[in-house]
Amino acid sequence: MDRRSLLAGRFIPRQPATTPFLVTTGLEPYPGPWEFAQAAHLLRRTTFAPTKAMLSAAVNQGLDATILQLFSPLPLPEPPIYFDTGDEPLIPPGAPWIDDPYSSEADLVQPRRRSLQSWTMQLIWQEGISIRENLCLFWHNHFAVDNNVEDPRLHYRYITTIRTQAWGNFRQLVKDITIDPCMLRFLNGNQNDEQSPNENYARELLELYTVGKGAAAGPGDYTTFTEQDVAAMARVLTGWVDTGYLTEDPAEAIGATFVPERHDPGAKQLSPRFNQAVLTDTGEQEYADLIDVIFAQPAVATHICRKLYRHFVYYKINEATEAQVIAPLAQLLIEQDYELEPVLQTLLRSTHFFDVLNLGPMIKHPLQFVVAPIKQTGIPLPEDQEERYHHGHQIYRLIAGMGMAYFDIPEVAGWKAYYQPPLYYRNWINAITLHQRSDVVRRLVTSGYTPGEVPLRMDPLAFLETLDNALEPVSMIAEIVQLLLPLHLELGQLVALKELLIPGLPDFEWTVEYGSYLADPTDDNLRQALASKLEDFFLGLFNMAEFHLS
Amino acid sequence: MKRRNFLKAAAGTAASAPFVLNGMPLQTLAQTALFSGIDTENDNILVLIQLQGGNDGLNTIIPLDQYAGLAAVRSNIMIPESTVIPLTDTVGVHPGLSTLHALFDDGKAGVVQAVGYPNQNRSHFRSMDIWTSGSPAEETWADGWLGRYLDTCFTTYPEGYPNTEHPHPFAITMGGNVSETCQGWAANYCMTVGDPFSLTPLLEGEPGALPATPYGDELAFLRQSIAQANAYGEVITEAANNGTNRIVYPEDSSLARQLRNVALLISGGLQTKIYVVSLGGFDTHADQVLEDAPLGGDHAQLLKQLSAAVRSFQLDLERQGLEERVVSMTFSEFGRRIRSNASRGTDHGTASPMLLFGPCVNPQVLGENPEIDSHLGNSEGIPMQFDFRDVYGSILVDWFGVEDSLVRSLLYQDFTYLPVIRNCADVATSTVDTQTAIVLEAFPNPCRSGFTLEFITLGEHLRLSLFDALSAEVRVLANKPLPAGRHRLQVDLSRLPASAYFVRLQMGPRVQTQRVVKL
């Protein structure tokens, strides 16, 4: 029998899409069915890569309960610890370091930085049904910092500030970040004093973090703010310095302090863009007064809602999207006094979010691309703590090589994928990163990485055991595709994939071979033979253009 | 938008026209100089060296006649006069950038002073967009200046590329991200190359039909990228294997590594026309120089890295007999402020110099030293003398043989040719006077309600404008030819706030600026 016609009866071809790019949906609650496809869409956008177990749980408990679980408060994770430190007595493996001073005896910066990097990747690996790690990434990109701030304790404190209010109040978050010691250093706020105001933070506060930069309306006037505002706000923010940076003194904690002598007490006149507000000296409260003044502008809500949209839905925002999604979302954010949770939930349960036009067009960022095959094929995080840190750091090195180093964002505006037209997400893709992506999945499927003792490697046979029916190749492939790719494949693609698994053989041969293996898993030769076919299959799947999408 | 549509439409018509001209089908002709800007005989190469972060031009190309002013406004970062290497009687170069001096003396380097654009934007990413797109400050153009140029030559790109006639990538970025400079209408012309030896072939999935949805859009993009990474990977690897370097480059410098690979690929016969390399770290808000050691610090390290990398690159090309094919040019999103800050750094400013390297470069310092007034305001940058689009356009004219009229449509209608390239091979030549200083005086200065300008012209077209201290073009005073002779012009400032202003007078490649203070 012709295999093609056989397959045609089993795979249901995708319905052709109608009326492209015509946005007809808005924020009204999604009324449609709640099945695997919808659950997968929600969890692919809110977590880094949903496993089969996460998806089954979501399908079973329904949309409302899944949203509730995504936003359930979680305790803060245990702080990062040293690993892979050799014989240096000052760096005991397994010991936390977030409150400890430095020493002239040993380089503690590098071990701490590596620890923090690995710890962050482990949190993502173990995220479960929670939006927290994804929002941490969103805010980290929004308030980008880099490793020129050398003390990893500052990065830990910064990301903890973000993690504790990932879906809290946006205005409060901006206030906290404004005097966060890592940010004070990164954008020279700590050098901003009355004698020599440094405008670096004030400019980015407006241009990137709050109102955004509008069209040029005149010399030094960007519609949403003016050069006068940058200069005046820099003066408002004078006086803050960080403490404890790289200190060797155990009594000196890291933090931020207001030094009244460095503060400019004069009146600060803002432009008509801020209704010519005047800020007068309120000392260490003045920064908060300023944030309140900025947040009186509706442009703040519009700007952040566009960024949230680009993070959770798609990068293209046309006039209809602006009118039906962005504008009402921004209005809601203002009505909710800048509380993020109701706004995020409204977006994530909206008809627009589940619109067929929004399924699958997000190009995976490097972190998603690396974590997805690891999590979704069930590679276990090692039980041994030291090994867990090795694995986390291996993932970190891979994504850093692709231009997405956590805590070391190359531009103050964040990663290009989230702001640079016309490419946006497409900025992640070029000849180098395509080769790197290809290399990563090849290594994961074949030799694996061995950052410590335990290899980080896919076990395809173990993965098959978690599937509903791995004995039957067509349904097995369908289930894998449904889990790992955003939408259905064309029939010809499915045939090609099956050809990689069982080249030139009828379907039943797979059933026979795999059945023999299940009957006697100790047969190493058979195991190897099956594993080798599965390697070809997964290499083909992971190298498909579709695998880059989510 | 109109212009772009026109170019597209015109090119599209030529490529699909069914008639024959002089016995040659038009499709073939369209690949040659007749309908496109590209000259197939021309094997010239342009290397763009992007200085990321905004280079402090005033500590790079140093006005030797302005030390009194420099001492007043940036004493904490000033390069000691005795250490500066003189290029001319009045213009010096930072001692870290000694290669510029050596090449300049050999007739292989040039400097264009104070390059910028009217209404300078001080945001990094916005200003870099302007520099890479070649747009006016007030407009956002989605394509890059070189991408736009290449679009006029290869109208269907990326559809059908690479092909037998154009098997090599048109542009290559050394490093992670494609350069917006090469963004075309439909695709970016840049291939990204990290290590030219490790471009392993990619596996491609079996393609299916694409739905007309955003998903289909992104999938199409990915499939095309994957296919191209494949197709160009082979010729790049081949060129890397055939090529050679005849000098040992500095190991610890990323810029040197990038330029080494550029030389390798050129040497290996890759026909790529444009290479983009980059050096980051020029955003020197603090610790630009070391305390009490102005020849150390971040900026000096960057200039030394630039110097060593360019020296190796030029020497390598020279030893391989390739140097006459290559012109290298630096650019940065903006210069920095004239006044330093208390952190021994400088904040975002306006214009800054561009440096050009190669034996075909006109070995001159184009433009005048800025006037450093000891009383200038905190925010003032170097006033622009040359529009960056004039430099770009002149490169297109002299280096790639592009017609002046096309340059105007690609960049801007007011394009003014600057002789930054000299007659080296069979490229356009010019004998334009660039050195005779313009006589331009303003009095009274400082003034209360207005001043009188006096200047001498030789009868050419002139553009005379008034800028404010933040480089916004406040008023165009004249934009027309004036008869030769001495001219006087009253300028009324009564409606403008008290501040410093700049008068900029451009006559062809000659520019003069004059600072005027309204009390």
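This is a predicted model: local features need pLDDT of at least 70, side-chain atom pairs count only at pLDDT 80 or more; totals for chains, interfaces and linings use all residues.
How many bridges join strand S8 of chain B to S10(B)?

Figure 1. Chain A contains 23 helices and four strands. Of its 550 residues, 48% count as buried. When contacts in chain A between residues at least 6 apart in sequence are considered, 71% of them join residues at least 24 apart.

**Figure 2. Strand S10 of chain B and its two parallel pairings with strands S3 and S8.** Strand S10 of chain B covers residues 274–279, and five of its six residues are buried, so this strand is largely enclosed by the rest of the structure. Strand S3 (residues 45–51) of chain B pairs with S10(B) in the parallel sense over six bridges. In this pairing, B:Leu48 has B:Val276 of S10(B) as its bridge partner. Strand S8 (residues 171–174) of chain B also runs parallel to S10(B), and three bridges join the two. Here B:Ala171 stands opposite B:Ile274 in S10(B).

**Figure 3. An open antiparallel sheet of four strands in chain B.** The order of the strands across this sheet is S18-S17-S20-S21. Strand S18 (473–481) and strand S21 (510–517) of chain B stand at the edges; each has a single partner strand, so one side of each is left without a neighbour in the sheet. From one strand to the next, the twist averages 15°. Strand S17 (residues 461–468) and strand S20 (residues 500–507) of chain B pair over six bridges in the antiparallel sense. Within this pairing, B:Arg463 has B:Gln506 in S20(B) as its bridge partner.

**Figure 4. Helix H2 packed against helix H3 in chain A.** Two packed helices are described by the angle between their axes and the distance between the axes. For helix H2 (residues 36–46) and helix H3 (residues 52–70) of chain A, the angle is about 60° and the axes are 9 Å apart. H2(A) and H3(A) are therefore oblique to each other, and their crossing is left-handed. H2(A) contributes A:Phe36, A:Ala39, A:Ala40, A:Leu42, A:Leu43 and A:Thr46 to the contact, while H3(A) contributes A:Met54, A:Leu55, A:Ala58, A:Val59, A:Thr66 and A:Leu70. By class, the residues of this contact are 10 nonpolar and two polar, with no charged residue.

**Figure 5. Helix H11 of chain A and the elements that cover its buried residues.** In helix H11 (residues 286–295) of chain A, the buried residues are A:Glu286, A:Tyr287, A:Leu290, A:Ile291, A:Ile294 and A:Phe295.

**Figure 6. The side of chain A that touches chain B.** In this interface, 54 residues of chain A are in contact with 48 residues of chain B. Helices H9 (200–209), H18 (431–445), H21 (491–501) and H23 (524–542) of chain A each supply at least two residues of the side that touches chain B. The largest share, five residues, comes from H18(A). By class, this side of chain A has 26 nonpolar, 18 polar and 10 charged residues.

Note on methods: Residues are numbered from 1 along each chain as its sequence is written. Chains are lettered from A and ligands numbered from 1 in the order in which they are written. A residue is buried if 20 or more other C-beta atoms lie within 10 Å of its own, exposed if 12 or fewer, and partly exposed in between; C-beta atoms are placed from the backbone. Two residues are in contact if their C-beta atoms, placed from the backbone, lie within 7 Å. Ala, Val, Leu, Ile, Met, Phe, Trp, Tyr, Cys and Pro count as nonpolar, Asp, Glu, Lys and Arg as charged, and the others, Gly among them, as polar. Two strands pair if DSSP finds at least two bridges between them. Axes are lines fitted to C-alpha atoms, for helices over the stretch in contact, and angles run from 0 to 180 degrees between N-to-C directions. Angles under 35 degrees count as roughly parallel, over 145 as roughly antiparallel, 65 to 115 as roughly perpendicular and the rest as oblique. A crossing is left-handed if the near helix is turned anticlockwise from the far one by less than a right angle, and right-handed if clockwise.
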